[in-house]
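Here is a short briefing to read alongside the structure on your screen.

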Amino acid sequence: MRKTANRRADTVIVLDFETTGLSAAGGDRVIEVGAVRIEKGKVTDRFQSLMNPGIRVDTFIEDYTGITNKMLKTAPTCKAVMTEFADFIEDFDMVAHNAAFDSRFLAAELRRIRRASRGEFACSMLIARRMYQDVPNHKLGTLVAFHQLPTGGVFHRALADAEMTTQLWLKMLNDLEDDYQLTKIPFDLMQAIARVPKSKLSQLLMDKFE
DNA sequence: TGCCAGGCCCTCTTTAGGGCCTT
């Protein structure tokens, strides 16, 4: 068992990256980071910064995110921002929507500054696929609209998306607590839900808490 | 020159293919 009975077990970082493309291994870089710290179910801190990757972003990314080359030209370096962000996330566990994507970029950017995180990821998309099978699709925006979760009307910016993922995460925790008469859903159970076949979700929870 | 992600998940599956998600 890992990280039990300490304060860290009650804290998660919900994060989102805007990037120059889809492939961290192919040289794409982070251009904006947004993150929300949740402690004992409450938002206690936030982190947001643009970061200058030293390469131009293409027009698709400018249009998709609203982040322009002009904005990035005056932004702090990736090294400066990621150093500060590494201090923010410490070794807390993390949540992201399609976490495989964000975890790859986090690892790549931390590697560049010779830092690392021991925190583990849970994926809100994989969990939502299992919990909400009647939603048209499992894009973050669709899930937020479907559940009528609060948004600031901004999409595809790092902090705005991290805030929406936070709302979705808290919604999923609340729904599980309600459905299974629980007072607390451990992080590693959420990770397990993300891995279990859809058809076995109920059985997993029943086995866990019966 | 041409190409260009990766992993999950479903099914017309497992000796595979294609859609979904993220930017």
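In the side chain of N98, an N or O atom sits 2.7 Å from a base oxygen of DNA strand B. Keep in mind that this is a predicted model.

**Contacts with DNA strand B**

- The elements β1, α1 (59-65), α4 and α5 (124-131) each give two or more residues to the surface near DNA strand B.
- The backbone takes part as well: a polar backbone atom of H138 is 2.6 Å from a phosphate oxygen of DNA strand B.
- For D16, an N or O atom of the side chain is 3.5 Å from a phosphate oxygen of DNA strand B.

**The surface around the DNA**

- There are 28 residues around DNA strand B, and those that come nearest are E18, Y64, N98, R130 and H138.
- Of the atoms of DNA strand B that come within 4 Å of the protein, 66% belong to sugar and phosphate.
- By residue class, this surface near DNA strand B holds eleven nonpolar, nine polar and eight charged residues.

**The sheet**

- Five strands make up an open sheet with mixed pairing, and their order is β3-β2-β1-β4-β5.
- At the edges lie β3 (42-50) and β5 (121-123), each of which pairs on one side only.
- On average, neighbouring strands of this sheet are turned by 25° against each other, direction ignored.
- As a general point, the strands of a sheet pair through backbone hydrogen bonds, either parallel or antiparallel.
- Here, β1 (residues 11-19) pairs with β2 (residues 30-39) in the antiparallel sense, over nine bridges.
- To find this pairing in your viewer, look for V14, whose bridge partner in β2 is V36.

**Helices packed on the sheet**

- Helix α4 (residues 99-112) packs on the sheet and touches β1, β2, β4 (93-96) and β5. The direction of α4 makes about 85° with that of β1.
- Helix α8 (residues 187-195) also packs on the sheet, where it touches β1, β4 and β5. Its direction makes about 50° with that of β5.

**Helix α7 and what follows**

- Helix α7 (residues 158-180) is built from 23 residues. From its first C-alpha to its last it reaches 33 Å, close to the 33 Å expected at 1.5 Å a residue.
- After α7 comes Q181, which has a positive phi, near 55°.

Definitions and conventions:
Residues numbered from 1 in each chain as written. Chains lettered and ligands numbered in written order. Predicted model: local features only at pLDDT ≥ 70, side-chain atom pairs only at ≥ 80, totals over all residues. Heavy atoms only, no water. Pairing = 2+ DSSP bridges. Helix = DSSP H or I, 4+ residues; strand = E, 2+ residues; numbered from the N terminus. Axes fitted to C-alpha atoms, helices over the stretch in contact; angles between N-to-C directions. Contact = heavy atoms within 4.5 Å. Near = heavy atom within 4 Å. Polar contact = N/O pair within 3.5 Å; in protein donor to acceptor, adjacent residues only side chain to side chain. Nonpolar A, V, L, I, M, F, W, Y, C, P; charged D, E, K, R; others polar. Expected span 1.5 Å × (residues − 1).
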